[in-house]
Amino acid sequence: MESLYDYGARAGFWRLHELLTRKNVPCTVFAVGMALERNPEACQAMINAKWEVASHGYRWWDYQNVDEATEREHIRRTVQIHKDLLGERPVGMYQGKPNVNTRKYVVEEGGFLYDSDSYADDLPYWSTEHGDKPHLIIPYSLSENDMRFAVPNGFSHAGEFSTFLKDSLSYLVEEGKRGSPKMMSVGLHCRLVGRPGRAKGLEDFIDFAKSFGDDVWICRRDEIALHWYKNHYPEGGLPRSGL
């Protein structure tokens, strides 16, 4: 089973890198800290492409029952890995398999603009549960996500993937024209959509999304965060300096 993940590092990443850079599409990468340590060439490729690299934890673990000291140390270690290998700390966090205290640890670490450990909305939203300032949550999606290639009753081929993404985007664009714009996340994994037959569906969707011109903003999650801090910060809150 480990070789499935090896395919993502050896082949899938580079196929997606070529596709996204050729199409001039920005993205946010949720990167596991240990994977960054083991793939310095990919680190440099992401720097050159000007992609955002958000934290995906130090290990691809289920943190449900991981003790506090270990999880906090993993967060700190991964921040340092980003600084060492990418030249800057991560401002986004998607632990992926968090526990009830993960967001508290992320807020208390102090340097994250947002986390994406939520599937609760079509728009970013604020949490005041931890700390003395509002914390931004930019929801992720398991619906518009290539993980559905790997689950029962999911996508069986690239055409289904592409059609579903196109239908989702079309509906959201029409909602926006009626005065209620939304955000759409597309979840990709190098080992899944990095397969050539599936990458073709992604390419078809990218061309479709770009055809909307200014009606669709294709951007990184840190750009969404900065936009939200600037335009939608809760009244009475104190935005972080430097935004």
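**Exercise 1. Helix 1 against helix 7**

Is the crossing of helix 1 and helix 7 left-handed or right-handed? Describe how the pair packs, and note that this is a predicted model.

*Solution.* 
Step 1. Start with the geometry. Two packed helices are described by the angle between their axes and the distance between the axes.
Step 2. For helix 1 and helix 7 the angle is about 25 degrees, and the axes lie 11 Å apart. Angles under 35 degrees count as roughly parallel, so helix 1 is roughly parallel to helix 7.
Step 3. Find the hand. The crossing of helix 1 and helix 7 is right-handed.
Step 4. List the contact. Helix 1 supplies Tyr-7, Arg-15, Leu-16, Leu-19, Leu-20 and Arg-22. Helix 7 supplies Pro-196, Ala-199, Leu-202, Glu-203 and Ile-206.
Step 5. Sort by class. The contact of helix 1 with helix 7 has 8 nonpolar, no polar and 3 charged residues.

**Exercise 2. Helix 6 against helix 7**

At what angle do helix 6 and helix 7 pack, and how far apart are their axes? Then give the contact residues.

*Solution.* 
Step 1. Helix 6 spans residues 158-177 and helix 7 spans residues 196-210. Their angle is about 20 degrees, with the axes 8 Å apart.
Step 2. That angle makes helix 6 roughly parallel to helix 7.
Step 3. The crossing of helix 6 and helix 7 is right-handed.
Step 4. From helix 6, the contact takes Ala-158, Phe-161, Ser-162, Leu-165, Lys-166, Leu-169 and Ser-170. From helix 7, it takes Gly-197, Arg-198, Gly-201, Leu-202, Asp-204, Phe-205, Phe-208 and Ala-209.
Step 5. By class, helix 6 and helix 7 meet through 8 nonpolar, 4 polar and 3 charged residues.
Step 6. Look at one more residue of helix 6, Ser-168. Ser-168 has a relative accessible area of 13%, so it counts as buried. Beyond its neighbours within four places in sequence, Ser-168 is in contact with Glu-144 and Met-184.

**Exercise 3. Helix 4 against helix 5**

How are helix 4 and helix 5 arranged, and which classes of residue make their contact?

*Solution.* 
Step 1. The axes of helix 4 and helix 5 come within 10 Å and cross at roughly 45 degrees.
Step 2. The hand is right-handed for helix 4 and helix 5.
Step 3. Glu-68, Glu-71, Arg-72, Ile-75 and Val-79 of helix 4 meet Thr-102, Lys-104, Tyr-105, Val-106, Glu-108 and Glu-109 of helix 5.
Step 4. The contact of helix 4 with helix 5 holds 4 nonpolar, 1 polar and 6 charged residues.

**Exercise 4. The two faces of helix 3**

Which residues of helix 3 are buried, and what do they pack against?

*Solution.* 
Step 1. Helix 3 covers residues 40-49, and its buried residues are Ala-42, Cys-43, Ala-45 and Met-46.
Step 2. These residues cover an arc of only 165 degrees around the axis, which puts them on the same side of helix 3.
Step 3. Recall the helix repeat. An α-helix has 3.6 residues a turn, so residues three or four places apart point the same way.
Step 4. Turn to the face away from the buried side of helix 3. It carries the exposed residues Pro-40, Glu-41 and Asn-48.
Step 5. Name the partners of the buried residues of helix 3. They are helix 1, strand 1, helix 2, strand 2 and helix 4.
Step 6. Check the end. Helix 3 is followed by Lys-50, with a positive phi near 60 degrees.

**Exercise 5. Residues in loops**

Where are Asn-24 and Asn-153 found, and what is the phi of each? Then contrast Pro-139.

*Solution.* 
Step 1. Most residues other than glycine have a negative phi.
Step 2. Asn-24 is in the loop between helix 1 and strand 1. Its phi is positive, about 55 degrees. At 63% relative accessibility, Asn-24 is exposed.
Step 3. Asn-153 is in the loop between strand 6 and helix 6. Its phi is positive, about 65 degrees. At 79% relative accessibility, Asn-153 is exposed.
Step 4. Pro-139 is also found in the loop between strand 6 and helix 6. Pro-139, however, is buried, at 1% relative accessible area.
Step 5. Beyond its neighbours within four places in sequence, Pro-139 has contacts including Tyr-119, Leu-123, Tyr-125, Met-183 and Arg-221.

Technical notes: Residues are numbered from 1 along each chain as its sequence is written. This is a predicted model: local features need pLDDT of at least 70, side-chain atom pairs count only at pLDDT 80 or more; totals for chains, interfaces and linings use all residues. Side-chain values use heavy atoms; hydrogens and water are left out. Axes are lines fitted to C-alpha atoms, for helices over the stretch in contact, and angles run from 0 to 180 degrees between N-to-C directions. Helices (H or I, at least four residues) and strands (E, at least two) are DSSP runs, numbered from the N terminus. Angles under 35 degrees count as roughly parallel, over 145 as roughly antiparallel, 65 to 115 as roughly perpendicular and the rest as oblique. A crossing is left-handed if the near helix is turned anticlockwise from the far one by less than a right angle, and right-handed if clockwise. Contact means heavy atoms within 4.5 Å. Ala, Val, Leu, Ile, Met, Phe, Trp, Tyr, Cys and Pro count as nonpolar, Asp, Glu, Lys and Arg as charged, and the others, Gly among them, as polar. Buried means under 20% relative accessible area, exposed over 50%, partly exposed in between (1.4 Å probe, protein chains only). The arc is that of the directions from the helix axis to the C-beta atoms.
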